[in-house]
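Thanks for sending this one over. Here are my notes, written to be read with the structure open beside them.

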Amino acid sequence: MALEQTSRREFVKMGAAVAGTVATWSATSYAKIVGANDRVRTAVVGCGDRMKGALIPSFLQHSKEMNFEFVAISDLWSKRREDGVAYIQKHGGPKVDTVRNNDELYARKDVDAVLIATADFQHAKHGVEAVKAGRDAYVEKPLAHTMKDALAIRNTVHANKQIVQIGTQRRSTPSYMKAYDYIKSGQFGDINMVEMTWNVNQPGRWRRPDVVPLLKEQDTDWKRYLMDQPYEPFDARKYLEFRLFWPYSSGIPDQWLVHQIDTVHWFSGYPNPRSVVANGGIYQWHDGRKNWDTLTAVFDYGPEDDLSKGFQVLYSSRQTNSAGGVKEIYYSNGGSLDMDKQVVNSTGGLTAKAAAEMGMKANLLGSFSLGQAEEVSTAANTGADNQTSANMRNWMECVRSRKQPNANVDAGYSHSVALCMCIAAMQSGQKITFNQKTQQILAGGKVYA
């Protein structure tokens, strides 16, 4: 069936109706919110690159207005604790206390909430600790790369009253929210294909050659870092360059795939793929890493009881050639929704000539922008990117209102399922499926541990 053509004017009218659901970058007054005068005392859990490069600046951008304040830093490495104190002060925050681990942190009575940005394999575990200790939490992505951890944090959050936001910040980004509303309006048509890429040419990506020599075992707590992983001798690379080593991270899927596949779940309404296959390897950067530098994965989405409906997601990523860059394009029979360029247009849509051959009508979407101008940073002096800043603010608002945040634990659980399926496909070389009833990943029909 041909879709109605969508003009920019028509979309603007449609957008006005849902404007109340779309966030903006501008500040909003929260003086009337109950409890807004109560300070939310917040601690840092893991003061590494992501925390300092994005979460702390985003927090400080809104902390005064929202009446949040840093009070402590928990990090196993003494250097990161000391550097974190200086970093927060340098960027306008207070001088904070430091603790050696989370046991010491949650023994304090002056911590209401935490920001968590530790190694990938630790996110869910640290999130569970925070919630069980009665603290609200902002937890970096990926939420979990094992089903055990994904189920643990989902069930823990559901059983408690804490507000937990996951660091998939697209869910608080205005252009993505507008795209979601547009797709849900029906004007885009059924999604029939999604193409996603994330390409760089960086031999140093996730390497820390200047920092690795500085980390000494006596200055941290290696056993506590490992948590429930099998013991192995201290390795500063696996501590600081964890993204390169399984089981501390899966690399490309943990870091990049989850952002884009989370958007697929959001836009389509499907909580997980029906199946996943994957291929790739370490083709160029032979520097001791265990995680692939090149990955191609194919995801199948649709209703479990009707294989005639659905769509495919083609995800490819390489760290060896940057051609193509980052791409995220949704296709329907009428055209394309390009989240990189933030436009909707008729590219690939059904033309009049092709339609006439089958006695059909043309199906071509109108062209309009999803709002590229609003993605330009307004926080150049703080270090906070607008997407993370918006996600942080949404979490702060929800801590105040006790409403569910944009990137809640269920969204995090869904991206974790897709992530775990992708990892299983990479490790087994088999087609991976998911049992909805048991919430188990299957390879060749058997449970994949």
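Predicted model: local features only at pLDDT ≥ 70, side-chain atom pairs only at ≥ 80, totals over all residues.

1. Start with helix α2, which covers residues 49-66. Its 18 residues reach 25 Å from the first C-alpha to the last, close to the 26 Å expected at 1.5 Å a residue. The helix does have a kink of about 35° at Leu55, shortly before the proline Pro57.

2. What does α2 pack against? Its buried residues, including Met51, Leu55, Pro57, Phe59 and Met66, pack against the strands β1 (40-45), β2 (68-74), β4 (113-116) and β5 (136-139), and against the helices α3 (78-90) and α12 (386-401). Both the kink residue Leu55 and the proline Pro57 are on the buried list.

3. Phi of Asn67 is near 60°, a positive value in a residue other than glycine. Most residues other than glycine have a negative phi, so this is a spot to look at by eye. With a relative accessible area of 16%, Asn67 falls under the 20% cut-off and so counts as buried.

4. Trp206 has a positive phi too, near 70°. You'll find Trp206 in the loop between β7 (193-199) and α8. Trp206 is buried, with a relative accessible area of 6%.

5. Now the nonpolar interior. In soluble globular proteins, nonpolar side chains tend to be buried together. Here the largest nonpolar core has 91 residues, and Val114, Tyr225, Phe299 and Leu337 touch the most other members. Helix α13 (residues 409-428) gives the most to this core, with 10 residues. Another core, of 26 residues, lies apart from it and has Val44, Val85, Cys398 and Val399 among its members.

6. Leaving aside neighbours within four places in sequence, Leu337 is in contact with residues including Ala179, Tyr182, Phe188, Tyr330, Val344 and Leu370. Glu328 is also one of the contacts of Leu337.

7. Aromatic pairs come to a count of 20. Take Trp222 and Phe234: their ring centres are 5.4 Å apart and their planes are at 80°, which is over 60 and therefore edge-to-face. Trp222 lies in helix α8 (residues 222-226) and Phe234 in the loop between α8 and α9 (236-240), so the pair ties together parts that are 12 residues apart in sequence.

8. Are the two partners buried or exposed? Trp222 is buried, with a relative accessible area of 3%, whereas Phe234 is partly exposed at 23%. Both belong to a cluster linked by ring pairs, along with Phe121, Tyr225, Tyr239 and Tyr248. Tyr225 also turned up in the point on the largest core.

9. One ring has a charge over it: the charged end of Arg154 sits over the ring of Tyr413, 4.2 Å from its centre.

10. Finally, where are the cis peptide bonds? Lys141 and Pro142 are joined by one, with omega about -5°, and Pro142 is in the loop between β5 and α6 (147-158). Trp246 and Pro247 are joined by another, with omega about 10°, and Pro247 lies in the loop between α9 and α10 (252-268). Most peptide bonds are trans.

Key:
Residues numbered from 1 in each chain as written. Heavy atoms only, no water. Helix = DSSP H or I, 4+ residues; strand = E, 2+ residues; numbered from the N terminus. Expected span 1.5 Å × (residues − 1). Bend = angle between axes of the 7 residues up to and from the residue. Buried < 20%, exposed > 50% of the residue type's maximum accessible area, 1.4 Å probe, protein only. Contact = heavy atoms within 4.5 Å. Core = buried A, V, L, I, M, F, W, Y, C linked by side-chain atoms within 4.5 Å. Phe/Tyr/Trp six-rings, centres within 6.5 Å; stacked < 30°, edge-to-face > 60°. Lys NZ or Arg CZ within 6 Å of the ring centre and 35° of its normal.
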